[in-house]
Structures are given as structure tokens and as C-alpha cells.
Amino acid sequence: MFSGFLTIAPSCSTCDLDYGFADAGDGPAFFVMSIVGFPVVFLALLFEVAAGPPLWVHMVVWLPVTVALCLLLLRPCKGILFALQFKHAAEEARFNDEH
């Protein structure tokens, strides 16, 4: 399904299904930021209250954790949203000018 880390291939290499119908847009990034952000911020605040480290320790600990978790979850999340678009035959919204 993917031709790069996050690039969707033009079509399926097995069944030649054209992937032009789906575009996940910013959906995967939003879900990954929400999924990763809340627990990381909670753990960082808990760490701050428990140990009270200087700011640079937070940067050294939480920045790599956040980046790693986002990179690990982004591709599966994009694949799931892509599959849901296919399953539900989702397409761009169309507005009718008739009143």
C-alpha cells in the first residue's frame, strides 16, 4: 500500500486497485498527536512533580520519546484511515447549489 514511509502507492501491486480514491489528509497526524500528546504531557507533569528536574532534562527525555512514538504510530494510523475510506466508500464532500 505504501511506496515510501508515508507515500501511498498509485495502485495495489497485487490486484491493481487504483488508490486515487482516498486521501487521508491531516487526519493521521491529528490522531497521532492526540494519542501521543496526552500521555506524554501527563507523564512529563508527573515527572516534574515527583523529581523536579531542570528543563533540559525534560527536553532530553520527552522530546525523543514524543518523536519516536509519533513516527511509530503515523504509518499504521494512515493505513487504518485509508482502509476505512475504502470500506465506507468515502469521498470528498459535494455541495448542491439548489435550494
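Where does Gln85 lie? Gln85 has its place in helix 2, a helix that spans residues 55–87. This is a predicted model, in which local features need pLDDT of at least 70, side-chain atom pairs count only at pLDDT 80 or more, and totals for chains, interfaces and linings use all residues. Residues are numbered from 1 along each chain as its sequence is written, and side-chain values use heavy atoms, with hydrogens and water left out. Helices are DSSP runs of H or I with at least four residues, numbered from the N terminus.

- Gln85 has a relative accessible area of 18%, so it is buried (buried means under 20% relative accessible area, exposed over 50%, and partly exposed in between, with a 1.4 Å probe and protein chains only).
- A polar atom of the Gln85 side chain lies 2.9 Å from the backbone oxygen of Asp23.
- Apart from neighbours within four places in sequence, Gln85 is in contact with Phe21, Ala22, Asp23, Ala24 and Ala90 (contact means heavy atoms within 4.5 Å).
- His58 also has its place in helix 2, and His58 is buried, with a relative accessible area of 12%.
- With neighbours within four places in sequence left aside, the contacts of His58 are Ala44, Phe47, Glu48, Pro53 and Leu63.

**Aromatic pairs**

- The structure holds three aromatic pairs (rings of Phe, Tyr and Trp, the last by its six-membered ring, pair if their centres lie within 6.5 Å; planes under 30 degrees apart count as stacked, over 60 as edge-to-face and the rest as tilted).
- One of them joins Tyr19 and Phe82, edge-to-face, at 5.1 Å centre to centre and 90° between the planes.
- Because Tyr19 lies in the segment before helix 1 and Phe82 in helix 2, this pair ties together parts that are 63 residues apart in sequence.
- Tyr19 and Phe82 are both buried.
- Phe30 and Phe31 have ring centres 5.5 Å apart and planes at 65°, so this pair is edge-to-face.
- Phe31 counts as partly exposed, because its relative accessibility is 39%.

**A nonpolar surface patch**

- Phe30, Phe31, Met33, Ile35, Trp56, Val60, Val61, Val65, Leu69, Leu72 and Leu73 make a nonpolar surface patch of about 1,100 Å².
- Helix 1 and helix 2 are the elements that give two or more residues to the nonpolar patch.
- Helix 2 gives the most, with seven residues, while Ile35 lies in helix 1.
- Patches are made of residues with over 30% relative accessible area and no salt bridge; nonpolar side chains (Val, Leu, Ile, Met, Phe, Trp, Tyr) are joined within 5 Å, and like charges within 9 Å.
- A salt bridge is a side-chain nitrogen of Lys or Arg within 4 Å of a carboxyl oxygen of Asp or Glu.

**Segments outside the helices**

- Thr14 is in the segment before helix 1 (27–51), and Thr14 counts as exposed at 72% relative accessibility.
- Asp16 is in the segment before helix 1, is exposed at 61% relative accessible area, and has a positive phi of about 60° although it is not a glycine.
- Ala89 is in the segment after helix 2, is exposed at 58% relative accessible area, and has a positive phi of about 50° although it is not a glycine.
- Glu91 is found in the segment after helix 2 and is exposed, with a relative accessible area of 55%.
- Glu91 and Phe21 are 70 residues apart along the chain, with 7.1 Å between their C-alpha atoms.
- Thr14 and Ala90 are 76 residues apart in sequence and 22 Å apart in space, C-alpha to C-alpha.

Definitions and conventions
Areas by Shrake-Rupley, 256 points an atom, 1.4 Å probe, with all protein chains shown as cover. Polar contact = N/O pair within 3.5 Å; in protein donor to acceptor, adjacent residues only side chain to side chain.
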